[in-house]
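Good morning, colleagues. I would ask you to look at the model on the screen while I describe a few of its features.

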Amino acid sequence: MLNRSVELFAKALAEGRVTLVDLTQTLSSEFPCIELPPQLGPCAPFVSTEVSRYDERGPAWYWNDFSCNEHTGTHFDAPVHWITGKDIPNNTTDTLPVADMIASACVIDCSTEASTNPDFLLTVEHVLRWESVHGQIEPRSWVLMRTDWSKRKSWEEFRNANETGQHTPGPDVAVVRFLIEERSVLGFGTECIGTDAGQAFLFDPPYPCHHFMHGAGLYGLQCLCNLDRLPSIGALIIAAPLKLKNGSGSPLRVLALV
Ligand code: MN
């Protein structure tokens, strides 16, 4: 029998029965980049240079050159980004399976906790409490940590750094392992500048979300926004990184179908 599911989905879209939510921050030089200690290689910010704008450099056309780090703005982390994922097959942006670019999402609301504690850590207990309301996280789902961090408008507020480093929420070590080993998730997404908490350099292992997710061939999404417009379950996420040769990640447009 003819499978009409794509046709029915297109009809639902055309009839406005599917809402699209843009989970992407505008990519510009104003958007904060991750900052590392000075002895480490820096993350280049986004730079756009005008080539022509209906002028002597191009009378009928407008276009720009741009450059940035692969991990600038709302972006995707591929397994090869971390040393634990360096030998996994199909671990780069040009080789990872396209089937992984569309998946459902579980949104865990940590906005209340993060508003009073910028170092808030998502724990297994928190996830189990979420599951007692919404059901068990389905395999191959994105887990998106809502913190409302994307509503912080200045670099200072967004990075929230002091002499002890960045103070931003993220997952603890045990919950990362739980999501991978017990729930077979596809990846972890966050509104902050990295999938790991600002203080995760102090964890064992350091940066556990990068360490374990990428080591398991799984993915990260960072600098997401509008997570407050998603249901806890039931949204479909389209996250297709640029097909950069040997890319460790890429800025991208992340869309949710609700
Ligand atoms: Mn990244």
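**Backbone, surface and pocket**

P205 is placed in the loop between β11 (187–190) and α6 (208–215). Please bear in mind that this is a predicted model. The peptide bond leading from D204 into P205 is cis, its omega being near 0 degrees.

N90, which is not a glycine, has a positive phi of about 50 degrees. N90 sits in the loop between β4 and β5 (102–109). Is N90 buried, partly exposed or exposed? With a relative accessible area of 46%, N90 is partly exposed, because values between 20% and 50% fall in that class. D148, also a residue other than glycine, shows a positive phi near 65 degrees. The loop that holds D148 runs between β7 (142–146) and α4 (155–159).

Let me turn to the surface. A nonpolar patch is formed there by F9, L13 and L20, which together have about 250 Å² of accessible area. L20 belongs to strand β1 (residues 20–22), and L20 is partly exposed, at a relative accessible area of 46%.

How much space lies in the largest pocket? The volume is about 640 Å³. The lining of this pocket comprises 34 residues, of which I34, E35, L36, Q166 and Y207 are the closest to its centre. The elements β4 (75–77) and β9 (165–166) each give two or more residues to that lining.

Technical notes. Residues numbered from 1 in each chain as written. Predicted model: local features only at pLDDT ≥ 70, side-chain atom pairs only at ≥ 80, totals over all residues. Heavy atoms only, no water. 1 Å grid on protein atoms, 1.4 Å probe; cavity = no way out; pocket = protein on both sides within 12 Å on 5 of 7 lines; lining within 4 Å. Points joined across faces, edges and corners; volume = space filled by probe spheres on them. Helix = DSSP H or I, 4+ residues; strand = E, 2+ residues; numbered from the N terminus. Patch = residues over 30% accessible without salt bridge, like charges linked within 9 Å, V, L, I, M, F, W, Y side chains within 5 Å. Areas by Shrake-Rupley, 256 points an atom, 1.4 Å probe, with all protein chains shown as cover. Salt bridge = Lys/Arg side-chain N within 4 Å of Asp/Glu carboxyl O. Buried < 20%, exposed > 50% of the residue type's maximum accessible area, 1.4 Å probe, protein only.
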